[in-house]
Amino acid sequence: MNAAALHYAVADFESGLRAYEAKRYDEALALLSDVTASDPSHIEARHVLALTQRALKMLDAAAVNLSEVIRCQPKNAEAWSNFGAILRESGRLFEALEALEASLEFDPKSALAQNNIGTVLLDLGRVEEARDAFQRAINLRPDYPDALANLGRALFECGDVASARQVTRSALALNPDHCEALNGLSFVCAAIGDVESALGHLEAAAELDPTNGRIQSNVQLRSLAMDSLTAAQIRDRAEAWGRAQGPSRRGSLSPNSIATIGFVSSDLRQHPVGLFAEPVIAHLGNEFRVVCYSSKPHHDAVTERIKGSVAEWRDIAKQDASRVADQIAADGVDLLIDLSGHTADNRLDVFALKPAPLQMTWLGYSGTTGLPQMDFLLADPVVVPEEHEALYSERVVRMPHSFACSFLEPRDLPRAQNKGGVVFGVFNNPSKFSRSCYRMWAEILRRQPGSRLLFKYQLSGDRWVQRQLLAKFDAEGIATDRIDFSPYVSQDRHLEILAGVDLALDTFPYSGATTTLDCLIAGTPVVTLTGGRYSARMSASFMTALGVTDTVCQDESNYVATALELANDPLRLNDIRDRIRRSWKGSPLCDVAQFQLDFAALVQSLPAL
Amino acid sequence: MSKLLKQAMGNAAALRPGGAAPDLSALIERALDEHQKGNLGAAAMLYGQILDRDPDNFDAQHLLGVAAYQSGNHSEALDLLTKAIKVHPGAADAYSNRSAVFMALGRFEEALTDCLMALQIAPGSPDVEFNAGNALAMLGRREEAVEHYRRALATRPFFVACLTNLGSELLDLDQLEEARELLEKAIEQDAHHTKALLNLGVYYQQIGRPDMAKRYMEEAVKVEPRYSRAHANLSNLALSHGDVTSALRSGLSAVAHGANTTEGHNCLGNVYRAMGMPREACVEFEAAIGADPSATACHSNLVLSMLADPTRTREQIGREAVRYGTLHAPWRPAPPRPSGSPERIGFVSPDFRTHPVGFFLEPLLANWKGPDVVLYSNSRQEDGQTRKLRSLTSEWRDIRHLDSAQASELVRQDGIDILIDLAGHTADGRLDVFAQRPAPVQLSWLGYSGTTGLSQFDALIADPTVIPVAHEDDYSEPIYRLPHSFACLYDLGAPDLDRPKQSAGPVTFGSFNATSKVNSVVVEAWSRILAEVEGSRLLLKNIYFGDETVRQHYARAFESNGLDADRLTFVGQTSREAHWEDIVRADIALDSFPYTGATTALDCLWMGVPMVTLLGEHYAARMAASFIRTAGHPELVTNSVEDYVATAVALARDPVGLGAVRSSLRSKIMDSPLGDAEGFSRDFIGLLLEIWGNR
């Protein structure tokens, strides 16, 4: 190549680099493509070209270019690191991990590489290793808010909420506007039953980064537990979010009949959603072509069973929404079912692209998604009665009895023998403890001297979390020695503990679901307060399907009165327990076969609606 | 021209091969010539021309790098010298020169590697040994630095810079006498060597000869009037003797002429703190940190000064403390807690002596019925109180000269179950040790009145007043509370009360708090009180009121609030006996805010002098309130400045009420939980067990 061309190539690289740094990616793409075309050995240009392609989401091309860079410069730590990031974004998580580990080999002191390794490990659910990687990152570079926020998250996932709080506060001390840290702090607040602060931090984060889908979804989810928000307000927020997702690219005609059904979920595993959905998916798998799109790489025995019952299984973890949407369209899915709503690891971004002509949300999220592209919300007559339909942006369709069917058989467990005094049990997660809850429970304890309250939730064995909750009751004047916390136990023991309390107290406005079913299976009555939205009516739905609705209350004073009444009327309480046990047999709540048939029929009916 | 350059050029001349093309050798000659003359630009151009023709010409590459370094283009110099080394990996000079560039860039590890490489190729060079020593010193690897310095001096015994640096390191290693010898030798060689002069001054300061210290430090600034560090040392020396006037003058000199040294800003910050100017102090400490972000002591000074600053909220203080923790004590997992009960408790402090902490600790230890106690001391000062405390405990360890790794290892070897910090961000604290997380349970108590900001603490021991539940979120540590106050009464050694219950004449208000706590807002409030109580006087007692500059500063402050300065009585440091006499001269004690008194509150109450306090927003702002409430006088705790002024005035106007309060104060305290040291000790140990159990 002559000097003039070389000079020209250099000039274009410089301008290409400048364009990349100024985020003018299209310009950078054009310039750098020229350079590498005329001088294929220009490694630096190829490297920046790959980064540009990554920014433009042309991940496959980026990966190819970066491989070439590495081939020529096998010890280039930065190149390995960038390669890892691209692989991660392509959903090629194991390869990403290898690339990042290679990067560390050539630059052992890179805090960035440690941080990036940690993020991939988190994606893979290897939380302890992730925690260690992030810790190495902050030891190399203490002034690293991203790594601190990530460490906070990893610590939270490891169950160390106190440390998660410390570390997240560290990130915020360095950068008070750090979205991920604010997000992380909201999880800590939720875990210690401080729903208001949780939502406050999320709203701050959402304002700082309105395009962050995860944070926006978290706002929706936490709102469900706020007793100060009305259902209309929640819907309005959800719809505002939904509109911001933009119009869908595709238009497609509604099919005449359903042939292919897709399920999108991060929870097709040992998880309530996976367990509830399994029999439905299996049954549908017989009649229809079913494809599962799994947005998290966790696999276990339940995953294997579900996999075995469907036509296709696709791992879509971390993959770009358009790519996933293209796959769904290519699979010819007629009805795409969302099992996440605004819960963690949802793929509403895929639904926003309307890859299937009919889209329905069911089970995983107890509320409206707000997404205009979501055609249906599958409910039941209790969680969404006719008069509430306006509160949902989707069209409401209903299972005849309850939106879910118990996958567990009722158990015959020893009854409560609480001689000292009545024992009330709360088995929901503190993220559902609203002010109403503290108020009602404190009132009950105050008016029932000698009674005790037992908490059991995932982290109820953690002393620090316990202290935070006790402080809330202390503030209400309840002596903290009346409150117990159950340690973490196996599933069998779990039901025994539920059976061992006299009466369970549900949360409001975000009621229990699986926890309520577990109580009913164990034969323990649940006092529940229904409200004006799906999330406040799930326990009521189960008890209505079971046919024992004595403990379904309409207002706070009713809830308190019912709890106190039953606490002081053992005959009546026993009668309810007996009826619960007797009602299981033949009730729609555990009639899996019927539920499967009803579900299939409903699916068939959708095109005509 | 630098020695190294000369050497490099000499070697270049020697290497100039016969094989080089004739026009190339001419070019090299010219380039060297220009370089020697100091025409770096011209030389660089010529080196460039050589490299155009002979890209692998080591000399040109090497000397071009040196020229770049001399021009201050450090990153360029680094690239060039690296290329030179690639061409000819066996040239000691190139490594040596590159190490200088690394030093300039603050990349001390790499500088060290290059020095060691150079020494491997050409052992024994005193200059390179010296450079290696400097790199190691910057990395805090003192003992290794010393080895290299010694080797340099073995070859070149009168190497002044090396003598000085070795002397400086030995001072830090507490090898004082040898340090002195070396520094004196350096000065013998060069009477104007300012760094040697300063370090010799530091030596005298360390052996307690402030007069000699001052002499040498002043000599250093005489030679170099802009020697910021020397001014800073003079300032600190003066301040430690209560001479704020000199401290201020030296402090201002330390930051004069655009000098931006950590030491300069830090010492001036200390002066402003002593003058009750917390905001100005914070500005200086922030500047000190800006000059060197790794200066943890300055960062601690900042956090501590914020406690006294009326414009800072609890949230801001908490956040800055967390910043400290984040930057200087990154999170690490705690070691597993052994099963069973704790068996060995460690206390870490520089204040096991005549000091509030040393006093408060005594009743706890004297009544201690619990696990073994080990005291880890971070101070050289020992006195009667030290002996008392040592006699009450199992073991004593001096950790003054141990770095954080060594000290943590000692704590681990000692099998400490619970490690208690008694210093926090106050002077000579060892938060660095706690950062290493050597004990399964670590907690903060008493010595530092606020959140440390470190995530390595499992608890901060407080009481219901200093940290109510609603405030907990702004504290990094989980909060545990003793039932009454965070501390109890110690043996004050005070005389019996024998003065009249009602003093004759006009009311005397008294303040016995540190000047660092008496800021302009406090002065304003006190002026209002005195304005409303005709004929009243204000007694102001503290070591720094013995200084003329401080007296004038406060006199002006009161005058600007309309109060005649002749209503003020200033008293400086006195004996302990005279201290009690001064306290009883006051009818009513006025507490400072936001940073309240603690020992002064107890002193006053014990001597029957009621203290009016303002209940503030954070721990340090609520301490006196805690003692006063526990002593049974909640009416003396006010909730606003208005209330504070009104309460003081009302008390002054009610001689009968005042007399009643005064006469009952001592017995009331004795009967209160403050007087129950046994109970306090029991509660404390119980709390330790609870904290242990929750881990």
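Predicted model: local features only at pLDDT ≥ 70, side-chain atom pairs only at ≥ 80, totals over all residues.

Strand β13 of chain B covers residues 637–638 and runs parallel to β12(B), to which two bridges join it. On its other pairing, β12(B) is parallel to strand β11 (residues 588–590) of chain B, again over two bridges; here Val612(B) in β12(B) is the bridge partner of Leu590(B).

Strand β12 (residues 611–614) is covered on both faces. Met611(B) and Thr613(B) are buried on one side, and Val612(B) and Leu614(B) are buried on the other.

| Strand | Helix | Strand | Handedness |
|---|---|---|---|
| β11(B) | α27(B) | β12(B) | right-handed |
| β12(B) | α28(B), residues 623–630 | β13(B) | right-handed |

Helix α27(B) (599–606) also takes part in the packing of α20(B), whose buried residues pack against it as well as against β1 (344–349), α21 (384–391) and α31 (677–694) of chain B. Helix α20 spans residues 356–366, and its buried residues include Val357(B), Phe359(B), Phe360(B) and Leu364(B).

Chain B as a whole has 31 helices and 13 strands. Of its 695 residues, 52% are buried. The C-alpha trace spans about 110 × 65 × 45 Å along its principal axes.

Between the chains, 14 residues of chain B are in contact with 20 residues of chain A. Helix α19 (residues 314–328) of chain B gives the most to the chain B side, with six residues. By class, that side has six nonpolar, five polar and three charged residues.

Terms used:
Residues numbered from 1 in each chain as written. Chains lettered and ligands numbered in written order. Buried ≥ 20, exposed ≤ 12 C-beta atoms within 10 Å, placed from the backbone. Helix = DSSP H or I, 4+ residues; strand = E, 2+ residues; numbered from the N terminus. Contact = placed C-beta atoms within 7 Å. Nonpolar A, V, L, I, M, F, W, Y, C, P; charged D, E, K, R; others polar. Pairing = 2+ DSSP bridges. Right-handed = clockwise from strand over helix to strand, strands pointing away.
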